[in-house]
Amino acid sequence: MSLLNAPPGTPLRLSGTAYERGRAQATLCPDQADFVRTAVATRLAATRDALAMPQVQALIHGQREYTERHYPAILEEMQGIGDGFGISVDTLFEYLHCAIASDLAGMAERVPEGCTSFAAAHAELGAIVVKNRDYRPEHIPIQRVFHHADSAWNGREMICVGSLGSPGNFSSGINSDGLAITDTNSRAADHGVGMHRYFLLTWILVHCGTVAEALDAIRGMKHTGGGLLVLGDAGGTVAAVELGHRHVGIETRDHGWIGRANHFVTPPMTSANLRTPANDAADCNSDRRHATLQNLLSQRGASLDPPGAAAIAAYHGEQGGEHFCRHGGADLGHTISCSVYATRPPSLAFTNGNPCTPDWREHSFQSRRLA
């Protein structure tokens with residue numbers, strides 16, 4: 001069953017050990033090296049003052065030690081990426097902590113990271129999990145769909161949307177068990193040493209097959225804090241997770257729908273929202289998008305199918321409320337892609353650009369086996 005009557009897509013196929021999969025990014029896309037280095041350098045330059053703060057450097061040092069103990073494979077993948085693109089692992093590690101550094105410094109984001117994500121149970125497709133990726137324009141040329149396979153995963157594979165220069169699942173993805181996971185940014189006042197959400201997104205798809213397994217793992221970890229996850233599995237269970245260092249907020253449903261913008265809404269986490277005058281416009285925009293999303297899902301969530309989900313992702317406020325499909329310019333954000341996952345059987349319908357002008361491609365594990 002094609003999700004959106006889309007032709008098959010061609011993901012970037014990364015196979016082998018963690019290092020080999022990381023190194024393959026540059027091997028397969030040698031013409032993108034300058035774009036990758038520019039994206040890393042631009043982000044580091046914008047966050048330079050925050051990164052230089054002693055408390056930020058102390059946290060990053062603690063993060064490196066934690067990751068070496070608890071998730072060395074992600075560092076091995078980063079080593080391969082760095083060797084391929086000519087960037088040190090230390091630089092990549094710092095780059096992946098820029099958002100946390102911004103939170104700790106209370107600095108205004110030049111380009112607020114957004115994203116809107118939701119999930120709904122579906123009688124035939126398990127769950128539909130959707131993400132509008134609202135991200136930095138320098139990631140447009142390096143955005144890819146990746147297909148990861150590693151013999152250490154005992155046959156499990158994953159299809160992810162992310163960026164060259166970043167490891168594993170850097171934005172959203174699904175594994176061959178039918179567990180899908182997305183993230184959206186949420187600025188937090190609750191950070192500490194623990195599992196970085198960028199690394200957690202990959203860890204979950206490698207180690208878990210259901211939402212229940214993922215939530216058990218999340219509850220058992222210390223987290224760095226910041227960000228939101230939306231999950232769905234082949235059984236139709238959906239969940240949202242709000243990540244803090246001291247607390248985690250979880251909302252889960254075995255039917256129905258769930259959705260998030262860019263702030264915490266569960267009781268354990270509302271006090272951890274980082275609200276500053278410099279980011280008031282972005283905060284208010286997230287409030288409006290969240291309210292509009294809840295309204296649309298309450299109207300359509302019970303019978304939501306992939307085309308209907310794509311229509312919500314492409315919403316421009318036709319019935320009132322805030323729009324999700326964002327075009328940059330005067331807008332606070334820029335939607336650089338849309339992903340619609342179905343979990344049974346696992347597949348991804350992806351458009352590399354705004355969902356209102358889609359050029360959809362479908363990616364599945366079955367298509368790999370038939371290739």
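Reply: A crossing is left-handed if the near helix is turned anticlockwise from the far one by less than a right angle, and right-handed if clockwise. By that rule, α8 and α9 cross in a right-handed way; helices are DSSP runs of H or I with at least four residues, strands runs of E with at least two, both numbered from the N terminus. Bear in mind that this is a predicted model, where local features need pLDDT of at least 70 and side-chain atom pairs pLDDT 80 or more, while totals for chains, interfaces and linings use all residues. Numbering runs from 1 along each chain as its sequence is written, and side-chain values use heavy atoms, without hydrogens or water.

Back to that pair. Helix α8 spans residues 197-207 and helix α9 residues 211-219, and their axes (lines fitted to C-alpha atoms over the stretch in contact) come within 10 Å and cross at roughly 130°. That angle makes α8 oblique to α9, since under 35 degrees is roughly parallel, over 145 roughly antiparallel, 65 to 115 roughly perpendicular and the rest oblique. On the α8 side, the touching residues (heavy atoms within 4.5 Å) are Leu200, Trp203, Ile204 and His207, and they meet Glu213, Ala214, Ala217 and Ile218 of α9. By class, this contact holds 6 nonpolar residues, 1 polar and 1 charged; Ala, Val, Leu, Ile, Met, Phe, Trp, Tyr, Cys and Pro count as nonpolar, Asp, Glu, Lys and Arg as charged, and the others, Gly among them, as polar.

Now set that beside another pair. The axes of α1 (residues 18-28) and α5 (residues 72-85) come within 7 Å, crossing at roughly 30°. That makes α1 roughly parallel to α5, and the crossing is right-handed here too. From α1, the contact takes Ala18, Tyr19, Arg21, Gly22, Arg23, Gln25 and Ala26; from α5 it takes Ala73, Glu76, Glu77, Gln79, Gly80, Ile81, Asp83, Gly84 and Phe85. Sorted by class, that gives 6 nonpolar, 5 polar and 5 charged residues.

Along with β3 (126-134) and β7 (180-184), α8 supplies at least two residues to the lining of the second largest cavity. A cavity is a set of points on a 1 Å grid where a 1.4 Å probe fits but cannot get out; a pocket is an open set with protein on both sides within 12 Å along at least five of seven lines, and lining residues have an atom within 4 Å of a point. The second largest cavity has a volume of about 110 Å³, and the structure holds 5 cavities of 30 Å³ or more. Of its 13 lining residues, Cys115, Lys131, Tyr135, Phe170 and Asp183 lie nearest the centre. The lining divides into 4 nonpolar, 4 polar and 5 charged residues.

The second largest pocket, at about 180 Å³, is lined by Gly9, Thr10, Pro11, Leu12, Gln143, Arg144, Val145, Phe350, Asn352, Asp359, Arg361 and His363. Two or more of these residues come from each of β4 (143-149) and β14 (360-364), with β4 giving the most at 3 residues.

The peptide bond from arginine 344 to proline 345 is cis, omega near -10°, and proline 345 sits in the loop between β12 (335-343) and β13 (346-351). Asparagine 5 has a positive phi of about 50° although it is not a glycine, and its place is in the segment before β1 (12-15).

Terms used: Points joined across faces, edges and corners; volume = space filled by probe spheres on them. Axes fitted to C-alpha atoms, helices over the stretch in contact; angles between N-to-C directions.
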